[in-house]
Amino acid sequence: MYYAFFGLTQAPFRITPDTDVFFEGGNRGAILEALIYAISNGEGIIKVTGEVGSGKTMLCRVLQTRLPKNVETVYLANPSVSPEEILHAIAFELQLPIAKGAGRLEVMHALNAYLLERHSQQRQVVVFVEESQGMPIPTLEEVRLLSNLETQQHKLLQIVLFGQPELDDNLRQPQIRQLRERITHSFTLFPLDQADVKAYLTFRLQAAGYHGPDLFGRRVIAYLTRASGGLTRRINLVADKALLAAFAEGTHNVTLRHVRAAVRDSEFSDLPRPRGLAPFAYALGGLAVGGVIGIAVFAAYQALFAPAGPVSAPMTSAPEVATLPAAQFAGANVDSAAGDVLEQRLHATEQWLTEQSGTVYSIQLLGTNSPELLRDYFKTIAKYVEIEKIYVYRTMANQRPSLTVLYGNFVDLREVNRALQSLPEELKTNRPYYRTIQGVRLEIARQRS
């Protein structure tokens, strides 16, 4: 829904694990490498624990894709079964010809024969067990017995247990101490801290095609980190809803109000929910009926998001526009000699922003921290559009001074989308997307605050 508005090519914050966007920060990458090493060296039983939503399933799936080709994997998603049933489950995943009513000894014999054959072919077999905190104690004991399948020098079967912290509680029980001592490596996925959350948000947005300035400010990230507990699933849920809230207001700046509303709308939140229709359900319904972001949707969001006070309509009169001082570009030579096109467009943009209605749209062509590259880019732009329709303003991207380039002003979504589609291919290389003047003003004001 909001993808084109933010210049995205896909959903940035899906909660379904996608191995193409594995975040290696927060020690995840180091744990992945350690798991690959441990499995490649035949280390027996390995344990990975973490809170609900900390990324265990994502890690498990990425691990399966990164293992050497000689490693054969078995994935068990529901281990809450009896000892006999888990043996049959493993045999089934390995496609062994075992009768449904076969006894334990028969299944163990078939497994041992299969594993010996694979070992003779220089292949390894690894069983990944998810949600292993729900595994009954007798079944855990059966897992220990499976780890006894070995030659004089090598384990024939390796087992990786993924579970919530309750798994550690189960393993502390006296009757299972033999299994606990068979665990050769134990890893914990800790929640992300504030710096990791910032890196995670940036990583996921860029993976989805975003090239603009930071959408989430420092205070917003600090609040999001506390509210989510640093758990990636919660971060995804809140960030997705916060972007939808910003989209509904026609702004590219995600504020504390957006994130607080997103947290309040989430099931894990302890914050009180507003009565009546939830804000995100309201927004989706309004957008589905109206097809565009109208004043009514914006006003409804204001009413639902704001803690108190009157509802205001979108900005239609031009406020005083604050731009970042040129001093922040020390050494960048932005304000060069008179007649410089970049300098002219910077000054023209200040005036333009004060004159336009907040509901007017423009197209963001690119952002860069190199004024010299931008000056060269003007030569390309001039081949296709009038330079007087190009606007440039100073902002911050990835905590560095940056210059953002806009093209044109358009009165409605239909007009701006038509302009986007008709852009020359050479101007589409940086994945341009539309923005509102109100959103640009808010971005500039936020950089000044």
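## Confidence first

This is a predicted model, and the protein's pLDDT averages 81, with 83% of the residues scoring at least 70. Where pLDDT is low, the predicted coordinates should not be read in detail.

## The overall picture

What is the chain built from? Its secondary structure comes to 17 helices and 9 strands. Of the 449 residues in the protein, 50% are buried.

The largest nonpolar core holds 58 residues, and Phe216 and Leu365 have the most contacts inside it. Which helix gives the most to this core? That's helix 10, residues 232-248, with 8 residues. There's also a second, separate core of 34 residues, and Ile45, Leu94, Leu96 and Leu149 are among them.

Phe216 is a handy place to start looking around. Skipping its neighbours within four places in sequence, Phe216 is in contact with Leu201, Leu205, Ile221, Ala239, Ala242, Leu243, Val254 and Arg446.

## Where helix 8 meets helix 9

Helix 8 (residues 194-207) packs against helix 9 (residues 218-228) at an angle of about 110°, and their axes are 9 Å apart. Because of that angle, the two helices count as roughly perpendicular. On the helix 8 side, the contact is made by Gln194, Val197, Lys198 and Leu201; helix 9 brings Arg218, Ile221, Ala222, Leu224 and Thr225. Sort the residues of this contact by type and you get 5 nonpolar, 2 polar and 2 charged.

What do they pack against? Just after helix 9 comes Gly229, with a positive phi of about 70°.

## Two residues up close

Gln206 sits in helix 8. Is Gln206 buried, exposed or partly exposed? Its relative accessibility is 44%, so Gln206 counts as partly exposed. Gln206 also shows how the chain folds back on itself in space: Pro12 is 194 residues away in sequence, yet the C-alpha atoms of the two are 8.2 Å apart.

Thr232 belongs to helix 10. With a relative accessibility of 13%, under the 20% cut-off, Thr232 counts as buried. Leaving out residues up to four places away in sequence, Thr232 touches Gly53, Ser54, Gly55, Leu192 and Tyr200.

## Around helix 2

Helix 2 covers residues 56-66, and its buried residues are Lys56, Met58, Leu59, Cys60, Val62 and Leu63. An α-helix has 3.6 residues a turn, so residues three or four places apart point the same way.

What covers the buried residues of helix 2? The cover includes helix 1 (28-40) along with several strands: strand 1 (45-50), strand 2 (71-76), strand 3 (124-129), strand 4 (158-163) and strand 5 (183-189).

Methods:
Residues are numbered from 1 along each chain as its sequence is written. This is a predicted model: local features need pLDDT of at least 70, side-chain atom pairs count only at pLDDT 80 or more; totals for chains, interfaces and linings use all residues. Side-chain values use heavy atoms; hydrogens and water are left out. pLDDT is the predictor's confidence in each residue, from 0 to 100. A nonpolar core is a set of buried Ala, Val, Leu, Ile, Met, Phe, Trp, Tyr and Cys residues joined through side-chain atoms within 4.5 Å. Buried means under 20% relative accessible area, exposed over 50%, partly exposed in between (1.4 Å probe, protein chains only). Helices (H or I, at least four residues) and strands (E, at least two) are DSSP runs, numbered from the N terminus. Contact means heavy atoms within 4.5 Å. Axes are lines fitted to C-alpha atoms, for helices over the stretch in contact, and angles run from 0 to 180 degrees between N-to-C directions. Angles under 35 degrees count as roughly parallel, over 145 as roughly antiparallel, 65 to 115 as roughly perpendicular and the rest as oblique. Ala, Val, Leu, Ile, Met, Phe, Trp, Tyr, Cys and Pro count as nonpolar, Asp, Glu, Lys and Arg as charged, and the others, Gly among them, as polar.
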